[in-house]
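Please look over the sequence and the structure before reading on.

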Amino acid sequence: MSEMADFLRSLIIVGVGGAAGGLLRLWVADLLAPRWIAAVFLCNLVGSFLFMLYVDLSKTPRPSFKKFHTVGLCGGLTTFSTFAFQVGGLAKGGDWLGAGCLFFGTFAACLAAAYLSGFCAKLLFCGKAGGR
């Protein structure tokens, strides 16, 4: 396959994954409306978990699926820009405690979700392949 064909294939793969992640984020936002801070928090949390779960479970390199899952799906699902807007909005409105709690709480929860994905991956590997 030519370089241009590989590039176009990657664009399509990431685009489809990004569309799926964006639609999932929209569904969660609609489900939790009008609590959109909770929706962004949940999407970032789930996206962090799924991203690291894929990294932990992918023993065989599959570049196309990796691009779909990590850059596309998880990139479309998570949203740093909206998170920054929310934290900034709370701070601008004088709610420094809320802004700090959202900022540090999201950071800590996403790290915990990433760690939990590693634990889940080990459980799955122990059940299938005898562990790492």
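How many helices and how many strands does the protein have? The model, which is predicted, has five helices and zero strands.

## Overall layout

Along the sequence the pattern reads α-α-α-α-α. The C-alpha atoms fill a box of roughly 55 × 40 × 25 Å, taken along the principal axes.

Of the contacts with a separation of 6 or more, 70% are between residues 24 or more positions apart.

## Surface and charge

The protein has 132 residues, and 30% of them are buried. Its accessible surface is about 8,400 Å², with 74% belonging to carbon and sulfur atoms.

There are 11 positive and 5 negative side chains. The centres of these two sets lie 8 Å apart.

## Helix H2

Helix H2 covers residues 36-57, which is 22 residues. From its first C-alpha to its last it reaches 31 Å, close to the 32 Å expected at 1.5 Å a residue.

The buried residues of H2 include Ala39, Val40, Cys43, Asn44 and Gly47. Ser48, Leu53, Tyr54 and Asp56 are also buried. In general, an α-helix has 3.6 residues a turn, so residues three or four places apart point the same way.

## His69 in helix H3

Helix H3 spans residues 63-77 and contains His69. His69 counts as buried because its relative accessible area is 9%, and the cut-off for buried is under 20%.

Leaving aside residues up to four places away in sequence, His69 touches Leu50, Phe51, Tyr54 and Cys74. One of these, Tyr54, is among the buried residues of H2.

Notes
Residues are numbered from 1 along each chain as its sequence is written. This is a predicted model: local features need pLDDT of at least 70, side-chain atom pairs count only at pLDDT 80 or more; totals for chains, interfaces and linings use all residues. Side-chain values use heavy atoms; hydrogens and water are left out. Helices (H or I, at least four residues) and strands (E, at least two) are DSSP runs, numbered from the N terminus. The expected span of a helix is 1.5 Å times one less than its number of residues. Buried means under 20% relative accessible area, exposed over 50%, partly exposed in between (1.4 Å probe, protein chains only). Contact means heavy atoms within 4.5 Å. Accessible areas come from the Shrake-Rupley method with a 1.4 Å probe; for residues, only the protein chains shown count as cover. Lys and Arg count as positive and Asp and Glu as negative; His and the chain ends are not counted. The place of a charge is taken as NZ of Lys, CZ of Arg, CG of Asp or CD of Glu.
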